[in-house]
Amino acid sequence: MRLNDLDERIVHALAEDARRSYADIGSLVGLSAPAVKRRVDRLRADGAITGFTVRVDPAAMGWETEGFIEIYARSNTSPETIKRGLARYPEVASASTVTGEADAIVQVFASDMRHFERVLERIAGEPFVERTKSVLVLSPLLRRFSSGSPG
């Protein structure tokens, strides 16, 4: 489903603050509150909006260390196998298959360096993993959240 301009503006408003009222969104996009609600309901029914959530600063939860792990998988490892293997780790915030030498990249949050190291060791020990390469985040510079195309 491709969103039209009005739907994209509604999605952007919700991505900024999912608790924003339909009336507030309507004033931003030039619609009545009931019209915004109908559009949001349709976007949810069509699967364009998959849910509403809260964004929490990982440090507030005690997750002070962030890193990325490149996974080099054994031959013939499916993306589903990688996904299943990584889903067991609460420290994994995201995982994606990628182009290039690595097969997947994994974003990990941990309480400290030692915790990150333990997670890295456990992931490296998964049966589908040939080898890993990791980097630690010093300072996050820019974070965007899924809200459609920029604008």
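1. Let's start with the annotated region. UniProt, in an unreviewed entry, places the feature "domain: HTH asnC-type" at residues 3-64. Please keep in mind that the model you are looking at is predicted. In this model the span 3-64 is 53% helix and 0% strand, and its end C-alpha atoms lie 37 Å apart.

2. Two helices are worth a look next. Helix H1 covers residues 5-16 and helix H3 covers residues 33-45; their axes come within 11 Å and cross at roughly 90°. Angles of 65 to 115 degrees count as roughly perpendicular, and H1 and H3 are therefore roughly perpendicular to each other.

3. By residue class, the contact of H1 with H3 divides into seven nonpolar, three charged and no polar residues.

4. Now to the sheet. It is open and has four strands, in the order E2-E3-E1-E4, with antiparallel pairing. Strand E2 (92-97) and strand E4 (129-136) each have a single partner strand, so one side of each is left without a neighbour in the sheet. On average, neighbouring strands are turned by 20° against each other, direction ignored.

5. The pairings can be followed strand by strand. Strand E1 (residues 65-73) runs antiparallel to E4, and seven bridges join the two; Ile-71 stands opposite Thr-132 in E4. E1 also pairs with E3 in the antiparallel sense, over seven bridges, and here Gly-67 has Val-108 in E3 as its bridge partner.

6. E2 and E3 are antiparallel too, joined by five bridges, with Ser-94 standing opposite Gln-107 in E3. These two strands form a hairpin, with six residues between them. When you inspect the turn, have a look at Gly-100, which has a positive phi of about 100°.

7. Which helices go with the sheet? Helix H4 (residues 79-87) packs on the sheet, touching E1, E2 and strand E3 (104-110). The direction of H4 makes about 170° with that of E2. Helix H5 (residues 113-124) lies across E1, E2, E3 and E4, and runs at about 160° to E4.

8. Finally, is E3 mostly covered or mostly uncovered? E3 is mostly covered, as six of its seven residues are buried. In the strand order E2-E3-E1-E4, E3 sits between E2 and E1, and H4 and H5 both reach E3.

Key: Residues numbered from 1 in each chain as written. Predicted model: local features only at pLDDT ≥ 70, side-chain atom pairs only at ≥ 80, totals over all residues. Heavy atoms only, no water. Axes fitted to C-alpha atoms, helices over the stretch in contact; angles between N-to-C directions. Parallel < 35°, antiparallel > 145°, perpendicular 65-115°, else oblique. Nonpolar A, V, L, I, M, F, W, Y, C, P; charged D, E, K, R; others polar. UniProt positions renumbered as here; feature names shortened; annotations may be inferred. Pairing = 2+ DSSP bridges. Contact = heavy atoms within 4.5 Å. Buried < 20%, exposed > 50% of the residue type's maximum accessible area, 1.4 Å probe, protein only.
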